[in-house]
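Here's a quick briefing to read with the structure open beside you. Take it topic by topic, and find each piece as you go.

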Amino acid sequence: MATYLEFIQQNEERDGVRFSWNVWPSSRLEATRMVVPLACLLTPLKERPDLPPVQYEPVLCSRPTCKAVLNPLCQVDYRAKLWACNFCFQRNQFPPAYGGISEVNQPAELMPQFSTIEYMIQRGAQSPLIFLYVVDTCLEEDDLQALKESLQMSLSLLPPDALVGLITFGRMVQVHELSCEGISKSYVFRGTKDLTAKQIQDMLGLTKPAMPMQQARPVQPQEHPFASTRFLQPVHKIDMNLTDLLGELQRDPWPVTQGKRPLRSTGVALSIAVGLLEGTFPNTGARIMLFTGGPPTQGPGMVVGDELKIPIRSWHDIEKDNARFMKKATKHYEMLANRTAANGHCIDIYACALDQTGLLEMKCCANLTGGYMVMGDSFNTSLFKQTFQRIFTKDFNGDFRMAFGATLDVKTSRELKIAGAIGPCVSLNVKGPCVSENHNAPIPQGGRGAIQFVTHYQHSSTQRRIRVTTIARNWADVQSQLRHIEAAFDQEAAAVLMARLGVFRAESEEGPDVLRWLDRQLIRLCQKFGQYNKEDPTSFRLSDSFSLYPQFMFHLRRSPFLQVFNNSPDESSYYRHHFARQDLTQSLIMIQPILYSYSFHGPPEPVLLDSSSILADRILLMDTFFQIVIYLGETIAQWRKAGYQDMPEYENFKHLLQAPLDDAQEILQARFPMPRYINTEHGGSQARFLLSKVNPSQTHNNLYAWGQETGAPILTDDVSLQVFMDHLKKLAVSSAC
Amino acid sequence: MSQQGYVATPPYSQPQPGIGLSPPHYGHYGDPSHTASPTGMMKPAGPLGVTATGGMLPPGPPPPGPPPPGPHQFGQNGAHAAGHPQQRFPGPPPVNNVASSYAPYQPSAQSSYLSPMSTSSVTQLGSQLSAMQINSYANSGPQMAGAQLSYPGGFPGGPAQLAGPPQPQKKLDPDSIPSPIQVIENDRASRGGQVYATNTRGQIPPLVTTDCIIQDQGNASPRFIRCTTYCFPCTSDMAKQAQIPLAAVIKPFATIPSNESPLYLVNHGESGPVRCNRCKAYMCPFMQFIEGGRRYQCGFCNCVNDVPPFYFQHLDHIGRRLDHYEKPELSLGSYEYVATLDYCRKNKPPNPPAFIFMIDVSYSNIKNGLVKLICEELKTMLEKLPKEEQEEMSAIRVGFITYNKVLHFFNVKSNLAQPQMMVVTDVGEVFVPLLDGFLVNYQESQSVIHNLLDQIPDMFADSNENETVFAPVIQAGMEALKAADCPGKLFIFHSSLPTAEAPGKLKNRDDKKLVNTDKEKILFQPQTNVYDSLAKDCVAHGCSVTLFLFPSQYVDVASLGLVPQLTGGTLYKYNNFQMHLDRQQFLNDLRNDIEKKIGFDAIMRVRTSTGFRATDFFGGILMNNTTDVEMAAIDCDKAVTVEFKHDDKLSEDTGALIQCAVLYTTISGQRRLRIHNLGLNCSSQLADLYKSCETDALINFFAKSAFKAVLHQPLKVIREILVNQTAHMLACYRKNCASPSAASQLILPDSMKVLPVYMNCLLKNCVLLSRPEISTDERAYQRQLVMTMGVADSQLFFYPQLLPIHTLDVKSTMLPAAVRCSESRLSEEGIFLLANGLHMFLWLGVSSPPELIQGIFNVPSFAHINTDMTLLPEVGNPYSQQLRMIMGIIQQKRPYSMKLTIVKQREQPEMVFRQFLVEDKGLYGGSSYVDFLCCVHKEICQLLN
């Protein structure tokens with residue numbers, strides 16, 4: 001058998017799943033003693049170029065409460081044409097189409113290599129994708145111009161039959177009618193008045209014509225019966241029209257007096273966007289894309305008043321309970337997000353401003369609906385432009401990398417129950433036998449526990465699809481088989497999962513408590529799985545499968561996901577948003593950034609994220625996911641300043657300078673959202689991005705490194721990894737805990 | 001003709017006992033409690049006590065008790081009285097048989113006014129005394145002697161003018177009763193074409209019907225202010241005795257003919273106008289400079305003020321400033337000041353006003369082609385936006401809204417390739433979706449605007465929306481002006497009852513059952529108070545609303561018209577608009593309204609010298625307190641009638657001074673003050689008062705006060721009060737000023753000779769006629785029109801001009817002399833043109849001269865004339881040219897375009913025409929002139945007894 005590492009990797013590639021434990025403790029009590037909960041990191045729609053969808057529908061377990069999908073783990077009686085559900089043990093008849101089934105003639109879903117399989121549903125009308133642009137017009141002229149160009153460009157990237165709509169907002173909210181010839185027409189709403197979905201539809205004239213329309217044209221059933229076609233039109237029909245319309249978009253015409261913020265009705269604009277789609281296209285794939293250049297300043301969902309002299313809330317205000325609009329605004333956006341999610345739509349937020357834009361309050365819109373959140377300084381930056389463009393990149397099939405209206409069902413063996421989910425989703429609050437507060441505790445069977453993930457979704461090609469992933473892991477008795485369990489620990493997955501739990505707690509509880517909780521969990525884990533002699537810190541050892549875990553925790557404690565110091569509430573929300581939705585590799589980079597070192601001494605190499613790695617003759621490339629930092633060591637910077645790179649005899653120096661730039665470009669090309677690209681050098685102000693991330697092994701407090709030329713001291717009071725580990729060992733071995 | 005006045009003998013005089021001079025009651029429409037006071041004066045003891053019992057007993061339900069005595073109880077009063085139990089009005093002469101025509105004026109029954117007890121006693125006592133009393137009054141009234149004494153030379157003709165003894169059986173000769181035409185013609189002959197200089201206090205101007213050149217020499221031109229009397233009684237007792245309303249009809253922006261000098265503009269720079277420190281009156285010819293010019297005494301409050309240093313000037317030997325003739329404010333009755341920032345809203349100079357055109361694009365307006373017509377015409381009309389003379393371009397900005405049950409705003413910013421439409425569906429709480437690009441300079445955005453106007457008819461061509469909103473439309477316009485921080489005017493083109501769900505939604509409540517009941521007033525009141533508060537908001541933001549209505553059925557003018565009325569706007573109504581017939585009338589009105597001279601965001605204040613003050617205001621105005629008259633806009637056709645009351649004695653020396661100041665914003669956005677000053681005489685002699693009256697202004701006042709009262713009081717009561725007051729005014733004259741004459745004689749003061757005929761016209765107006773046949777909307781419409789009319793307009797409106805066209809002298813440019821509005825003046829061989837300011841009729845007698853028919857219509861005979869036209873064909877014939885020129889002249893000075901109706905004698909439409917023959921008995925009731933005169937005469941006789 002391959003190593004666990006290979007097993008884990010293989011599983012991730014095939015099923016997009018990583019479990020914290022790959023061998024499962026057999027009782028609830030034991031599971032809680034494992035410290036790190038049994039959980040998995042799932043990428044439901046992991047790209048599988050090698051997995052063509054099958055063209056038929058899944059076979060379901062006939063027990064109404066189960067409805068699990070036939071999978072390779074099911075026992076099949078080929079002669080009787082029966083199969084037993086491996087979740088509820090119901091015996092089911094195969095449908096007539098499976099008449100020819102036999103050991104040698106198996107359908108794909110029974111083959112072990114199809115533990116993940118995708119079905120394509122032919123039923124139901126296919127409705128085109130919908131993209132509803134919600135555009136802030138309270139922007140500076142050049143910002144608005146850049147945004148307009150980006151939007152115009154995006155029209156060419158949309159599938160031709162996709163429906164687009166345009167809502168603009170400033171002091172008022174305008175829903176633009178796209179069907180009319182000649183005069184451009186829009187419906188205007190007051191930015192201060194919250195409206196129900198019904199009112200919005202009434203005011204847009206979407207409710208009335210249902211009756212007479214049917215009488216008038218019974219011959220054209222194909223045509224969409226709603227008048228909403230006025231607001232949402234196929235791209236191919238109106239792209240010229242819309243391009244002109246976008247081109248003529250003016251800045252918000254209402255004057256903004258000195259000392260005031262422009263009045264921005266983001267809350268109502270979103271509410272109208274949600275209401276429009278809710279009434280007209282429920283349960284069809286739709287994206288509401290909000291482009292905003294500042295905080296909402298009026299109406300429901302306002303985050304700050306229009307007086308410039310009163311700044312937008314900071315963490316300090318929030319701690320002091322001084323953020324007077326926050327709760328109400330958050331509630332407004334949460335309500336919208338929940339409605340949107342219930343309709344299977346999603347909301348993207350593209351916020352570009354130098355100051356905060358209220359992402360803290362609006363985050364749920366993206367978080368709960370699986371939308372994107374992009375934060376930048378201006379729409380007139382490549383960061384925004386390329387990020388936005390990347391949303392429309394296509395996969396190997398030429399389809400968008402987006403899916404809509406997904407629901408994820410999780411079926412579990414009887415022994416397991418689901419405790420909850422963290423990620424870009426909302427709970428449907430379905431009560432079923434599999435859902436519970438906690439890990440279940442029946443008698444372990446010595447067999448295998450299984451989990452099935454069933455994801456219904458609308459593919460970007462508008463087909464409905466179902467992806468089924470069925471996974472099984474062995475049970476193990478903790479008493480007798482602890483070694484097994486220990487070896488099956490996936491410390492990377494565990495670190496990410498714990499981090500997510502931590503962030504989840506941080507969002508709902510007080511910050512410092514989360515750190516204490518994390519520390520406690522870490523100490524307990526070390527106590528449980530470390531090898532040591534009591535009260536002897538030097539004897540402490542961790543096995544390979546746990547060795548990196550404390551270091552992840554160290555960096556996690558310092559990360560912006562848990563630390564709010566130096567970050568605005570918006571930034572924190574932004575970082576946490578991305579942390580909650582990226583896959584394991586990316587998440588790990590976020591927790592512990594990667595540092596590469598370039599030198600004349602050899603090829604680029606990864607180095608420790610430590611201040612000792614900052615050397616004068618090195619170029620460093622740090623990837624924190626959100627930032628790509630290139631840092632020139634002191635000597636290198638001096639050389640560059642002297643212009644050696646331009647001298648033909650020092651061409652190798654030129655190459656050295658170029659190498660990290662090329663690598664950075666590669667990362668920049670691939671990542672979404674596009675990271676902030678920072679090119680700095682020793683002593684540069686932007687070097688702080690690097691210095692704040694590395695382990696402060698040398699600080700002004702421990703000057704032993706001075707004169708040793710082994711790195712740069714960091715001016716910080718934070719503890720270094722060494723100190724952290726020392727303390728950890730001490731606490732782990734102490735019997736006092 | 002003597003100054004004493006016209007004296008006519010009624011056909012029949014049966015004096016009625018028991019009625020003395022009743023206590024004053026005019027102006028008490030709103031407060032019936034006042035009319036109750038005379039009850040206390042009823043003394044059934046003795047003959048003299050009888051005279052004290054007035055007819056002014058409280059209107060209202062009869063007091064409980066036994067039913068009124070039957071007619072037989074009045075039998076003692078004589079045969080006539082027996083047939084006609086009503087005491088307050090004389091019984092009609094049997095030969096005339098006018099009993100029914102009196103009906104509207106008669107109190108329903110005596111029982112309503114007199115308790116049964118007093119009725120019988122009064123009647124009985126009166127009947128015993130009747131004959132004797134009449135004689136004594138007629139021959140030896142003590143007041144009469146006084147009146148004659150004070151005017152020794154005043155009545156040269158004296159009683160000799162009186163007509164002969166009563167001839168009860170003979171029909172009254174219409175030619176022997178005062179003729180309005182004669183009065184007009186006399187005045188025209190004596191004063192027409194002359195220069196009228198306003199240099200004398202209290203001088204009576206020529207009639208409104210007389211053309212003359214007016215020269216401002218210290219008092220405001222009668223074009224601006226006309227008074228009911230130019231000599232105020234010195235005491236309030238006198239005023240009460242005479243019951244002549246003291247009122248001024250002020251038309252502050254009246255058009256000045258080109259041959260008169262326009263108003264001078266005074267600019268004192270930053271120091272602003274010079275004003276009295278105490279009463280804040282503006283510097284004017286009534287200020288008396290003293291102490292070598294260092295101080296001046298205010299003519300209004302007598303306060304002595306320092307002359308500001310910058311304004312100092314030495315006095316000449318007669319105590320006049322040396323610069324008297326250089327400064328308009330010292331030597332002229334009317335002038336303008338440039339206002340300083342203190343006079344501006346928020347102390348900021350105002351922005352130039354804006355016009356917003358709001359077009360109803362519901363199905364009916366699209367179908368009848370109106371939307372297309374408006375859009376088409378606006379393109380040319382917008383070229384003619386009013387502008388200051390010296391300026392090249394109008395400063396007025398324009399905006400466009402269309403609406404049905406939702407509102408469509410248009411962005412017509414000049415840099416747009418296409419206009420943009422913004423739909424506001426939140427009519428419950430309407431708002432302005434855009435600021436920049438909504439109100440634009442027409443010249444700059446011309447191409448976009450034309451583009452828009454071209455597209456609007458097509459845009460809604462397929463619309464089958466029937467429902468409309470109305471209040472949100474006004475609200476939207478007002479909000480737009482508010483947002484743009486400028487005053488302005490909304491032009492609304494509306495066609496139907498606003499039934500869509502929105503504020504100001506109306507239901508059809510045209511209930512004919514209410515007519516002629518105490519609840520009739522409800523029909524004139526707005527249905528909801530939404531419009532009232534909306535109007536207040538509009539005025540507060542300088543937003544005037546002009547409404548063009550195109551109703552095909554009941555649209556509730558009383559509700560829809562309220563905002564136009566209160567915001568100084570104009571209401572135009574085109575019933576059953578038909579493109580080919582009404583197009584021209586509408587376009588003329590629209591063009592005229594756009595080009596009109598107008599001031600915005602105005603506040604008017606009328607100051608008076610001590611002893612009296614302005615107490616009541618009528619017109620297209622809104623008042624938030626008792627002194628400031630607020631008008632969102634006031635144009636050259638709008639007049640405000642102001643009533644004055646004494647609060648102290650007036651002195652004959654100082655007279656009664658009036659200063660009307662209007663603070664307003666010009667069409668170019670300049671804040672100005674327009675000041676009109678007028679000095680009136682005062683006298684302690686009633687005869688002076690009567691001598692200085694002006695009937696046209698009186699009727700204007702009576703009409704407005706009655707039409708205002710319509711909202712609060714039963715029409716019956718209002719009609720009674722009008723009749724009573726007429727009788728009272730005349731009786732007071734008879735009693736106090738006229739020389740002795742037979743009681744049977746009707747004596748009218750010269751200045752009020754035509755008061756009865758005009759008053760009868762007012763009483764016959766459809767507003768005051770409670771008849772279900774007349775459309776409620778039409779009554780509400782006319783009521784509203786009259787409220788803002790000036791004297792000239794009200795004169796023509798109540799007594800139309802009837803011109804014999806067949807007597808036309810094609811060589812002369814003079815208008816033919818008018819004839820009296822009576823069928824008896826028409827002739828089968830004649831062609832007559834009738835105009836009242838709203839309608840114009842060309843009446844063709846069956847035997848009209850064929851050459852005239854040919855000349856005017858270019859058809860061979862009467863039978864060939866097609867009456868389905870509103871414009872005369874342009875025939876190159878002197879008759880045609882002359883007639884069209886006459887029509888042009890009549891139309892020229894009128895605020896409303898008159899629609900021409902061709903009426904052939906003895907054809908159905910003649911019925912409509914006959915309603916305008918106001919001296920005759922009305923089609924829907926209303927007595928003839930002759931009958932009314934009799935009625936008034938009886939009333940007077942009763943009062944005198």
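Chain B of this predicted model has 27 helices and 31 strands. Helices here are DSSP runs of H or I with at least four residues, strands are runs of E with at least two, and both are numbered from the N terminus. Of the 945 residues in chain B, 61% count as buried, where buried means under 20% relative accessible area, exposed means over 50%, and partly exposed is in between (1.4 Å probe, protein chains only).

**How to read the numbers**

- Residues are numbered from 1 along each chain as its sequence is written, while chains are lettered from A and ligands numbered from 1 in the order in which they are written.
- Because the model is predicted, local features need pLDDT of at least 70 and side-chain atom pairs count only at pLDDT 80 or more, while totals for chains, interfaces and linings use all residues; side-chain values use heavy atoms, with hydrogens and water left out.

**How confident is the predictor?**

- Chain B averages a pLDDT of 82, and 82% of its residues score at least 70; pLDDT is the predictor's confidence in each residue, from 0 to 100.
- Watch out for residues 1-169 of chain B, where pLDDT stays under 50.
- The model still has 295 contacts beyond four places in sequence for that stretch, a contact being heavy atoms within 4.5 Å.
- Where pLDDT is low, the predicted coordinates should not be read in detail.
- For the complex, the predictor gives an ipTM of 0.82 and a pTM of 0.82.

**Chain B overall**

- Take the contacts in chain B between residues at least 6 apart in sequence: 75% of them join residues at least 24 apart.
- The accessible surface of chain B comes to about 34400 Å², and 51% of that belongs to carbon and sulfur atoms. Such areas come from the Shrake-Rupley method with a 1.4 Å probe, and for residues only the protein chains shown count as cover.

**What UniProt lists**

- UniProt positions are given in the numbering used here, feature names are shortened, and annotations may be inferred rather than shown by experiment.
- In chain B, an unreviewed UniProt entry lists "domain: Zinc finger Sec23/Sec24-type" at residues 273-311. That span is 0% helix and 23% strand, and its end C-alpha atoms are 10 Å apart.
- An unreviewed entry also lists "domain: Sec23/Sec24 beta-sandwich" at residues 599-682 of chain B. Here the chain is 0% helix and 65% strand, with end C-alpha atoms 33 Å apart.
- Over in chain A, UniProt places "domain: Gelsolin-like" (unreviewed entry) at residues 604-690. This span is 37% helix and 23% strand, and its end C-alpha atoms lie 18 Å apart.

**A three-strand sheet**

- Three strands of chain B form an open sheet in the order β8-β9-β10, with antiparallel pairing; two strands pair if DSSP finds at least two bridges between them.
- Its edge strands are β8 (288-290) and β10 (304-306) of chain B, each pairing on one side only.
- β8(B) is joined to β9 (residues 295-297) of chain B by three bridges, and Gln288(B) stands opposite Gln297(B) in β9(B).

**A buried strand**

- Seven of the seven residues of β23 (residues 629-635) of chain B are buried, so this strand is largely enclosed by the rest of the structure.
- β20 (residues 598-608) of chain B pairs with β23(B) in the antiparallel sense over six bridges, and Gly599(B) has Ile634(B) as its bridge partner in β23(B).
- β22 (residues 622-623) of chain B also runs antiparallel to β23(B), with two bridges joining them; these two strands form a hairpin with five residues between them.

- Another open sheet in chain B has the order β28-β29-β30-β31, with mixed pairing.
- β29 (residues 831-835) and β30 (residues 839-844) of chain B pair in the antiparallel sense over five bridges, with Phe832(B) opposite Trp843(B) in β30(B).
- Where is Ser897(B)? Ser897(B) lies in the loop between α25 and β31 of chain B.
- Ser897(B) counts as buried because its relative accessibility is 6%.
- Leaving aside neighbours within four places in sequence, the residues in contact with Ser897(B) include Gln585(B), Leu838(B) and Gln891(B).
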